[in-house]
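This report concerns the structure shown below.

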Amino acid sequence: MFKQEKREGVISIIKYEGPNNVFAWKHPIEDFNTGSQLIVHESQEAVFYKDGKALDLFGSGRYTLETNNIPIIRESFKLPSNAETMFHAEVYFVNLTTQMGIKWGTDSKVRLFDPASGLHIEIGACGSFNLRVTNSRKFLVKVVGTTQGFTQNEVQNGDAVGFTTGAFKSLIMNKVKSNLARIIKEQNINILEVDEHLDELSVAMRDSINENLEDYGMIMPEFFITVIQTPDDDPNFRRLKQQFADKTLKVREEEVRQAEAEAAQKRKIVEAQTAAQLKMVGAQGDAEALKIKAQAEAEAYKMQAFAEAAEMQAKGYTYQQETARQVGLEAMQNGITGNGTGGGSGIGDLAGLGVTLGAMGGVMNMTREAMNPIMEGSTQVGAGFGAVVSGQVNDGWICPNCGARGLTSRFCPDCGTPQPVKDNGWTCPSCGTSGIKSKFCPDCGTKKPEE
């Protein structure tokens with residue numbers, strides 16, 4: 001574990017090159033002389049002791065033990081300058097490397113209360129940690145003392161599952177048992193899902209342990225909880241798992257029902273939107289069809305009106321003259337009779353006819369000039385029937401051929417002309433107006449149907 005060279009019975013070279021699982025090692029030789037060589041490796045520190053008191057501390061490097069570089073030893077031993085003198089001292093080598101994979105495990109169960117279920121269960125835990133010396137003097141004074149050294153086995157000092165005795169067993173067990181259950185409760189960690197939180201639990205354990213390790217000149221860089229041992233045979237734990245499974249299934253079923261309801265609602269919205277769009281398209285199609293039909297009818301009526309106007313123009317008479325002619329024919333066919341006696345009744349009919357024609361002119365927005373020919377035609381028709389009015393022919397019919405009056409037979413006895421058939425007019429097929437005598441319906445403008 002160490003190398004030494006002797007010169008006249010005194011060690012001249014001091015160093016340590018042993019295994020790495022050693023935290024501190026005491027050099028077995030305690031008599032040195034000035035001029036001896038001290039070799040400290042990069043991951044080490046060397047501390048000289050005299051009478052149980054830590055004196056000089058040497059970092060990595062090669063040192064010659066002389067009075068000018070060991071001031072505390074020189075003062076303690078009163079060494080003369082430039083003299084090769086033997087002195088008695090103890091030398092400890094401290095390993096500053098991080099000791100890896102030191103196992104730990106709880107020696108008894110940790111009682112845990114689960115607030116969600118109200119059940120008490122007992123759990124265990126195990127894992128490993130890493131350890132390193134940060135203050136050599138403090139570590140030697142508080143941990144090593146007067147022993148020959150301190151190894152990793154003295155920290156663990158147990159079997160493969162965990163340590164049962166050891167320097168830091170009580171410290172680690174106390175921190176784990178007092179903080180593990182508290183952190184699980186405070187952070188509302190489900191014990192059935194605890195494996196998902198091993199990292200945060202490990203960090204919390206490490207920070208809590210390091211608060212005490214600092215007093216010993218050591219630090220725990222990493223602390224690992226690798227396994228949380230659950231009591232699978234405990235009836236309370238089985239009930240807890242069943243409760244959690246039932247809750248999970250119910251939540252899942254509710255999520256499925258909610259998803260189905262949302263899907264059904266979306267489907268109804270889409271169906272309603274589709275139906276509304278179809279109705280809109282249908283309404284637009286109906287409106288367009290009605291529009292096309294109206295345009296076609298208007299165009300047909302316009303073309304027919306143009307044709308009739310062209311026909312009247314070709315025959316040499318105007319619309320006013322045609323209207324007057326139709327009024328005259330109607331008067332001749334139906335007769336112009338009054339309700340009173342004397343010649344005033346026929347004149348009253350003619351006056352009523354004029355009033356009717358005047359009303360027609362107002363509806364058709366005719367000007368006075370346009371209505372004059374109609375009124376003149378009406379006057380001529382009235383003059384033709386003057387004899388009838390003055391003759392007081394109130395009964396029978398008038399022969400349209402020879403002019404015989406007061407006829408009651410079916411044929412004229414003078415010329416054999418049959419009695420004219422009275423025209424009751426026609427009924428409009430569009431608006432239902434009856435008794436129409438003109439070629440077009442006065443209410444809607446529909447043309448008289450062909451017989």
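Across residues 1-9 the pLDDT remains under 50, and the model is a predicted one. For residues 1-9 the model has 20 contacts beyond four places in sequence. Residues 350-371 likewise stay under 50 in pLDDT, and for residues 350-371 the model has 20 contacts beyond four places in sequence. Where pLDDT is low, the predicted coordinates should not be read in detail.

Over the chain, pLDDT averages 77, and 75% of the residues score at least 70.

An open sheet is formed by five strands, ordered β6-β5-β9-β3-β13, with antiparallel pairing. Strands β6 (53-58) and β13 (149-151) lie at the edges and each has a single partner strand, so one side of each is left without a neighbour in the sheet. From one strand to the next, the twist averages 25 degrees. Within this sheet, strand β5 (residues 44-50) runs antiparallel to strand β9 (residues 90-95), and six bridges join the two. Phe48 stands opposite Val91 in β9.

The helix pair consists of α4 (residues 169-186) and α5 (residues 198-213), which pack with their axes 10 Å apart and at an angle of about 140 degrees. That angle makes α4 oblique to α5. The crossing of α4 past α5 is right-handed.

Which residues of α4 meet α5? Helix α4 contributes Leu171, Ile172, Lys175, Val176, Asn179, Leu180, Ile183 and Ile184. In α5 they meet Leu201, Ala204, Met205, Ser208, Ile209, Asn212 and Leu213. Sorted by class, the contact of α4 with α5 comprises 11 nonpolar, three polar and one charged residues.

Terms used
Residues numbered from 1 in each chain as written. Predicted model: local features only at pLDDT ≥ 70, side-chain atom pairs only at ≥ 80, totals over all residues. Heavy atoms only, no water. Axes fitted to C-alpha atoms, helices over the stretch in contact; angles between N-to-C directions. Helix = DSSP H or I, 4+ residues; strand = E, 2+ residues; numbered from the N terminus. Parallel < 35°, antiparallel > 145°, perpendicular 65-115°, else oblique. Left-handed = near helix turned anticlockwise from the far one by under 90°. Contact = heavy atoms within 4.5 Å. Nonpolar A, V, L, I, M, F, W, Y, C, P; charged D, E, K, R; others polar. Pairing = 2+ DSSP bridges. pLDDT = per-residue confidence, 0-100.
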